[in-house]
Structures are given as structure tokens and as C-alpha cells.
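These are notes for a colleague opening this entry for the first time. Please read them with the structure in view.

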Amino acid sequence: MPPPRPFPAPAASSPHARPAWNTNRNLVVTHPLLSLLERCASFRRLLQLQALLTVSGLAAHRFPASRLLAFCALSDPPRLAHAAAVLAQCAEGPNAYMLATMMRGFLRAGLPARALALFRLVLRDHLPVDARTFVFALKAAAASSPGEAVHCVALKRGFDQSMLVGNALVHLYASSMSFSDARKVFNEMPDRDVVSWTTLVDGYARGGLPDEAWRVFCRMVVSEGMRPNGVTLVAAVSAVGQMGLLGLGRTVHRSVAESGIGTSVNLDNALVDMFGKCGCLASATEVFDGMAAKDVYSWTSMVSAYAKCGDLESAVQLFEEMPRRNSVSWSCMIAAYSQANQPEEAVRMLNDMIAAGAEPIDATLVGVLPACAQLGCLDLGRWLYDTYIVSHKIELTVNLGNAFIDMFAKCGDVGAASRLFGNMEEKNVVSWNSMIVAHASHGQSEEALRLFQQFKGIGIFPDEITYIGVLSACSHSGLVSEGRHYFKEMKMVYGIEPRAEHYACMIDLLGKVGLIEEAFEVARSMPVGADEAGWGALLNACRMHGNVEIGECAVDKLVGLDPSDSGIYVLMSQIYASKSKWDQVKTLRMVMRNRGVKKNPGCSSIEVDGEFHEFLAADVSHVHSEDIYAALKNIYIHSKTQGYIPPA
């Protein structure tokens, strides 16, 4: 709801009469009550002063009313209803400052729609406006609706020449990723200040365009001779961190030290983060240790630097030493464990985070969902989705939606992944790839290929991952002609050079249908040479079809790549055994023994009530192993009575 409709005209005995309190403006401005109002520190005291101003007749004057309004609208917490009443009761009618202050109050209270409603009322009733009015209107539009309409009104009212409005427009378009519009407004501004340049540099850096951010920064400093401020340097340092250019980062660090601008917590945090992303822990630690004051983001940036550089032990130690943690800190550690292939620790950290009362954010979920996928924690993944997406009615970002799709698919619930994919309003190439690979890995080749055709029809170009999913789908269903077609298409149509993974898919496809010789030729003709996946797929095909000669060639290649892999010897032993070549089987076992190669035991895990239990083949270490084996024996006996015939 907009504030009460302004604004009553001043009471007067004739059209030309003026209230007695307004006969001397200087007297009003210098009144002792106003000096008390300037020093007012509580809302209760304000009410007392307002009562005195009302009795004296000063409350209806614009100047005292504007001070009352500013106190109410901008206080913490804001008193917006009282501010609206002050605005409506101003007998002279509000000025541009009062209207802009009221809009600012709505924005600070997180009510951009109310600010826009007031702006529309101002335009409709031809109330006074200034540059600040449009600045707050643009901020409101950025939060709740497209800002082009406000931009048009600013042009019509002649505010296109205002630097203040121009800066707000650059920020509006840059924050909404409309960089061409932001650059157009910036280029057409008759005058620019350091805020103008900083807004554009920061917009590019936040929008993931660090190269462009750095180019604008260099033009600002070198070509225009503009002296950057602390905010500019934070944006420039962030851009360097995204580019990962350590040499440039050190140059910027020296320039900051020599500039005389002075350091700040935000700038030091940005430097720590930049050196961490560039892989230089020594410089990150030097900046961190030299900080006179540290906030929670300082500690988090250093923890993130350790994690990014692979020093998980130091990251954990520093995290434990943090005097205060927030959701970003917890999310950082969860992601660190997940990326370090320690999914159990990532899940444990999530539980600790929730127990500590910290609210998971998007980054938390993006970090922990891969761990859920790795562990097969479908129940936890569903709980996260139901609790933080459905219950809170949170709009899924593309990255978060992709993470949930991947988790559902890897945990076996392709239906949930497909439903989520269908409900996503915005999808990128990763979204499509995740769903195509999900269908392919679950043997739903027809659905994967149908989705691929739909994907190509919407104008997004497929990438290397897309074709791994497509070729895997062909391999699962033995679609040889389709596989050959797509293998040629990726290079001829989209210019994607096949990688080892694509060749491995083709080898697997040809080998499964018995085209062993052709698969062997594909492996031998690879430009970069087949890797373990390619030769492994060929060896498995030889096992399926009993091809000893090519199998021996594949074993030679695999042993050269990884002589300690017991699976190589096991597969070849099975090929020999299928041809009753028992002497070769015996020789192969001797080779394994001489080389110290041991067969890795089979391993499985199961989640019960949120706790994971891992079992090896013939394992009796579990405290309930007797009960487990007794239950398995009963299942086996029951299966035999139902006609199950165990393999020989």
C-alpha cells in the first residue's frame, strides 16, 4: 500500500493568506526546537519534540517536517507509518527532498514496491522531483521490476544529463547483466566521476567479465588519469582474482601499497581472496597476518584460500580458530570437503552448521549436494529440497537447480531430476547436459536422444559434455549408426574436437555389439592415444566376446598406463578362462604375485538413519555381522524357492 494520499493545502482565510508561522523562514530554521530535533536519539524523544512543534505551529512547515520524516523513515527500525503521516500532514506540501527520503526509507525497509508506488504518485500528481528521486526510483525498479520505464521518465524530464542519475542507470543495467545498455549509458554521460567508473568496473567484475573490468579500470587510471578509490580497487582486485593472473595480482598489490589511498578491511579481504584464487598462499597469508582488523569475511577468505590451494588441513585448523562464523564460512568448508573427495565430512559439516543455528544458503546447498550424490544420500537430498526450496518457496537459481538435478540423478531418482528440470524457468547448457547424462547413465537412451534433439532446437550450442552423454546413450542401447553420426556431427557441425572420453564411448559402443576389430582401430588411431578408459572399454569388450588376441594388446597398453590396477589382470584372466587357457590363467596370477598386485575386494555401503555402513567382501568386522549374514542366508534360501538359479 502506498502512503496516505498527500497533501492538504494550508488553511488560510483568503487565497493570498499565509500561516502566521511561515512569515519568517529564517526564524523557523533557527528555532531552538529544531536544534533539539537534530540531536534527537530516540523515537520517544522525537514524539515529545513533535508535540511541541505541532503546538507551536512549526510541524506543518517543510523544514521541520523533513527532519521529522528523515528520522522516522531512516531510523532502525524504520517508522514508516509515522513518516507517511508526517508527509501527509505537511501543510505546505512535500518537497523533492521529503519525497526522495520517503522512497529511501521504503528501500531500506526492503519494500521496493512501496517506493515505486510513491514514485508513480509523484509523477501522477506532478509533485516536485530531483535527481535523488530518480536514483531511488531506479533502485526500487532494480529490486522489483524492469527499470526501463523509470529510465524513459528520466529522459523526458531532462535528467539524462545528471551524473547522479547516470551513475544509477549504469548500476541498474550492470547489476541486471545488461552490459551493453550499461556501457551505452556510461559512454553517453557528459560528465563522469570516480563513482561512474567504479560502478562499471564493479559491474563487469560481479558479472563474471573480469577481462572487461580490467580494461575499464586501466582506461580509468591510465587514459583518463582518474584516481581510484577503495571500492574501485576492490573491484579491480576481484577481477584479477577471477583471471588467476598472479603476476598482475602482485603488481596490483604493490600499486595499492604505493597509492597512498589507505587500506581497508574490504580491500584486504579482496587481496586475500585474489591471492588464494591465484594459488599463492604465501602472499595471501602475508596480507591476512598483516591486517590490523579482521571480520568474518577476512577469516573466510583465508579459509577459502587454503581450500582452493589444496591445503585442507590448514583450512580446517583456521576454521576452528575463527572467532565468529556465518553461513558463508560454513559453506566454504562444506565445499572444501566436497571438492577434496571427502563427502562424509561435507555432510557432517552440514549437520554441525544446522546444529549451530546457521541458515544454509545457496552456496551451502551447491557445496553439499555433490557430496550427497557421491554417497547416494537421496533422503538427505530430498530433505534439503523439501526444507529449503519447497517449504521456503525459494526460487531456484540455475546453479542450484543443476546441483539438485545431478544429485537426484546420481542417487537413482531420475524421475525427480526430470520433474525439476521441467519446472526450471531458466536453463543453461549445464542443465541440459545434466539431464541428458542422467537419462543415458540409467539406460534411458531414447529419452536422452529426444532431449538432445530438443536441446539443439532452442538455439544453445552443445559442448563436449553434451556429446559424452549422447554417445553414452548410444553405447547403452547399441545404437551404432546413431553413434557414428553424432561422433562425426560434433566435429563437422559444432567444431568440437573429440577428446579421449568421446573415443572411449565409441570404443565401448563398437565393442559391446561385437565390432572388436573396428573398436581396436579407433583406439589405435586416436590423435592423442587412448587412455585407461578407452583401453579398458576395449578389454571389457574382449571379455564379453572372448577375443584373446586383441585383449592381450589392450592389457599391454593398460599395464603400461597403470601396472598396479588389479582389474586389468582379473578381466584378462576371465578371457583366458572362457577359452580354457588355464596355463595362461596360472601365469597371469604369478605375474600379479611377482609385481605385488593385489585384487581390491568388493565394497558396498548403505545408509541407515543418516549413518553410513561400509562392507567389504566376506567382511565380519561389523558389530551386527552375524545378524546380517543370517538375513542374507534367509534371502538366498527364499530366492531359490522362488526359482532363482545362482550363477555357476
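1. Asn-341 is exposed, with a relative accessible area of 52%, just past the cut-off of over 50% that the label requires. Asn-341 lies in the loop between helix 20 (327–339) and helix 21 (343–355). Its phi is positive, about 60°, although Asn-341 is not a glycine. Most residues other than glycine have a negative phi. Please keep in mind that this is a predicted model.

2. A second residue with this backbone feature is Met-177. Met-177 has a positive phi of about 65° and is not a glycine. The loop that holds Met-177 runs between helix 10 (163–175) and helix 11 (179–188). Met-177 is partly exposed, at a relative accessible area of 48%.

3. Now the overall make-up. The protein contains 36 helices and two strands. Of its 648 residues, 44% are buried. Its accessible surface is about 33,300 Å², and carbon and sulfur atoms account for 54% of that surface. Taking contacts between residues at least 6 apart in sequence, 59% join residues at least 24 apart.

4. In soluble globular proteins, nonpolar side chains tend to be buried together.

5. Which residues does Leu-384 touch, leaving aside those up to four places away in sequence? They are Leu-350, Leu-365, Val-368, Leu-369, Cys-372, Ile-389 and Phe-404.

6. Val-328 belongs to helix 20. With a relative accessible area of 35%, Val-328 is partly exposed.

7. Lys-294 sits in the loop between helix 17 (281–289) and helix 18 (296–308). Lys-294 is partly exposed, at 34% relative accessible area. Not counting residues up to four places away in sequence, Lys-294 touches Phe-288 and Trp-299. A polar atom of the Lys-294 side chain lies 3.5 Å from the backbone oxygen of Phe-288. Ser-264 is 30 residues from Lys-294 in sequence, and the two C-alpha atoms are 9.8 Å apart in space.

8. Next, charged pairs. Side chains of opposite charge can pair when their charged atoms come close. The count of salt bridges comes to 17. One of them joins Arg-382 and Asp-413, with the closest N and O atoms 2.7 Å apart. Arg-382 lies in helix 23 (residues 378–390) and Asp-413 in the loop between helix 24 (398–410) and helix 25 (414–423), so the pair ties together parts that are 31 residues apart in sequence. Are these two residues buried or partly exposed? Arg-382 is partly exposed, with a relative accessible area of 35%, whereas Asp-413 counts as buried at 16%.

9. Arg-484 and Glu-518 also meet through their side chains in a salt bridge, 2.7 Å from N to O. Arg-484 is part of helix 29 (residues 480–492) and Glu-518 of helix 31 (residues 516–524), so the pair ties together parts that are 34 residues apart in sequence. Arg-484 is partly exposed at 34% relative accessibility, and Glu-518 is partly exposed at 32%.

10. Another salt bridge is found within a helix. Glu-447 pairs with Arg-450, the closest N and O atoms being 2.4 Å apart. Both lie in helix 27 (residues 445–456), three residues apart, about one turn of the helix. Glu-447 is partly exposed at 27% relative accessibility, and Arg-450 is partly exposed at 42%.

11. A last item on charge concerns a group of three. Arg-183, Glu-212 and Arg-215 are linked in a network of salt bridges.

How values were computed. Residues are numbered from 1 along each chain as its sequence is written. This is a predicted model: local features need pLDDT of at least 70, side-chain atom pairs count only at pLDDT 80 or more; totals for chains, interfaces and linings use all residues. Side-chain values use heavy atoms; hydrogens and water are left out. Helices (H or I, at least four residues) and strands (E, at least two) are DSSP runs, numbered from the N terminus. Buried means under 20% relative accessible area, exposed over 50%, partly exposed in between (1.4 Å probe, protein chains only). Contact means heavy atoms within 4.5 Å. Accessible areas come from the Shrake-Rupley method with a 1.4 Å probe; for residues, only the protein chains shown count as cover. A polar contact is a pair of N or O atoms within 3.5 Å; within protein, one must be able to donate a hydrogen and the other to accept it, and residues adjacent in sequence count only if both atoms are side-chain atoms. A salt bridge is a side-chain nitrogen of Lys or Arg within 4 Å of a carboxyl oxygen of Asp or Glu.
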